[in-house]
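Take a look at the structure, try each task, and then follow the steps.

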Amino acid sequence: SRRVVMAATSSTAPAIDFDGIFSQYTGNAIVDRLLYVADHARDVGVVTEALRHAKRALEGRVDAFSLKPTTSNGCAYERAMAIAKKREVDASVVGFTKAWLEENARRADGELDKLESGLTDLLTERVKENLRMQYVELGDHYYDRGELKKALECYMRTRDYCSTPKHVVFMCLSVVSVSLEMGNFAHVNVHANKATAALQNMDEDASVRTDQAKLACACGIAALRMGRFREAAIKFTEINVEIGTHYANVCAARDVATYGTLCALASFNREELRDLVLNNQKGAFRAHLETASDIREVVNDFYNSKYTSCFATLDGMREALTLDIHLGAHIDALYKRIRDRALIQYVEPYVTVDLCVMAQAFNTTAEEVQDELARLIEEDKIRAKIDASECTLHALKENPRVKVVEQVIADGERFETETRAALLKMSLLKNDVVSRPEHDGARSRRSLDE
C-alpha cells in the first residue's frame, strides 16, 4: 500500500502522497513538486519529509544501463539547500552537502566537454540530422543539470536542422516543457501552435494523438497558471486518453482530471458542464475522471445541486491542493469562483429563497450566506434584494414596460443615426464631394480636353 505521510505535530497537516509523486511523475517534475511542498507547507513534519525525499531523488539518480551515478539537477539541489535553511530544518535530519554538489558539477562538466567536442566535429561535417541530434543531447544535458535557459537555447537551435514535421513537433514539445518549468507561458502557446500546425501535415496515428494530448495539456497548464480558468478548462477537456503516462515529466492523468474539473466548475455553465465534462461525446475527459473518484464525486454533486457533500469534499482536498505546484497559487480564486457559481445556480430558479434553508444546503450560517449574496448583488451577478428581517432573498422581476421603453429608445437612437448618415450621403452627392479613382479622373479630363 502507498505510504501517505501525515505529520503528527499538527492535526491539520495535509496528507501528502510522497510515494504517489515518485510513481506518477518522472524527471524534474518529481523534485520540483517536492520542493514546492517543502517551500509552502506550514507543517514542519511535511517540510522535513519533502526535503528528505527530494534529497533521495537528486542524489540517487543513476544511469539506466550502467547503474552508475549520472548528472543530476544541481540547480534544484542548491534550491533545496536554500529552502532547508529558510525553513530552519535541522541539518542532521536532512543533510544536504556541498561535497555532493561539487562532485555532481565535476561529473556534469566532464559530460559537457564530451558533448561540446562532438558538436565541434559535427559542425565541420554539416550533416543536418547529426547536428540536430547533438543539439538535442546537449539540451538534455543542460536540462538534467537544471540550467533551463541553456537547455532552451539548444532545443531552439535544432529548429535550423529539422527536416520533417516529426522533427518540428519534437523540437516544439521540448521547448514547451522547458518553458513551462521556466514560467514562460507565452512561449508555451507559441510553440504549441507551431507543433499543432506540423501535426496537421502528418498521418494520424497513436503517436500523433499522444502529441496532441501533450500540447493540449501544456496549453491548459499555461492558461491555468495565468489565471485564465475558462481557457484552461476547455483545453483540459480536449485531452484524449492516449496521453496516459506519456507526459509524466509534466503532469499525471489524475492532474488532468483535477485541473480540468476545478477550472470547469469555476467557469462553465450547467450545459457546458454536462456536455464537456460529464457527458463528453468523445468520452475523453470522462475517462480521466475515472482515475480520480473524489474529483468525479465533486463534479457530480455540484451538477446535481448536492452542495453540502460537494463542498465538504472540496474542503477536505483544499490543503493538499494548495501544495500542488500548478494549482497552489490559484486555489483560493478557484474555490471562490466555484462557490459563487453554486450560490448563483441555487437561487436562479426561485422567486423567493429562505436563507436559513439555503444555509443548511451550504453547511453554513444564514448570516454568512447573506453576506455572500450581498456581495454577489453588489457585483451585479444576482438580480435580487435581501429582506434581512424575514431572512429571505427576493428575485427582482424585470418590468416589461421598462423593457419596452428601453427598446423603443434604442430603436429611435439607431433610426436617428441611420437617418443622419443618409442625409449626409445625399448632401455629399449633391455637392459632388465624391472620391473617385485617379484613372477615372484622368480619363474624364482627357475627354473634356478633346
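**Exercise 1.** Find the salt bridge that arginine 375 forms with glutamate 379.

*Solution.* Step one: the closest N and O atoms of arginine 375 and glutamate 379 are 3.6 Å apart. Step two: a salt bridge needs a side-chain nitrogen of Lys or Arg within 4 Å of a carboxyl oxygen of Asp or Glu, and by this rule the count comes to 28. Step three: Arg375 and Glu379 are linked with Lys336, Asp340 and Lys381 in a network of salt bridges.

Before you go on, note that this is a predicted model, where local features need pLDDT of at least 70 and side-chain atom pairs count only at pLDDT 80 or more, while totals for chains, interfaces and linings use all residues. Residues are numbered from 1 along each chain as its sequence is written, and side-chain values use heavy atoms, leaving out hydrogens and water.

**Exercise 2.** Classify arginine 375 as buried, partly exposed or exposed.

*Solution.* Step one: buried means under 20% relative accessible area, exposed over 50%, and partly exposed in between (1.4 Å probe, protein chains only). Step two: arginine 375 has a relative accessible area of 23%, so this residue is partly exposed.

**Exercise 3.** Explain how aspartate 411 and arginine 414 are placed in helix α20.

*Solution.* Step one: helices are DSSP runs (H or I, at least four residues), numbered from the N terminus. Step two: aspartate 411 and arginine 414 are three residues apart in helix α20, so about one helical turn separates them. Step three: their side chains meet in a salt bridge (3.0 Å, N to O).

How values were computed:
Helices (H or I, at least four residues) and strands (E, at least two) are DSSP runs, numbered from the N terminus.
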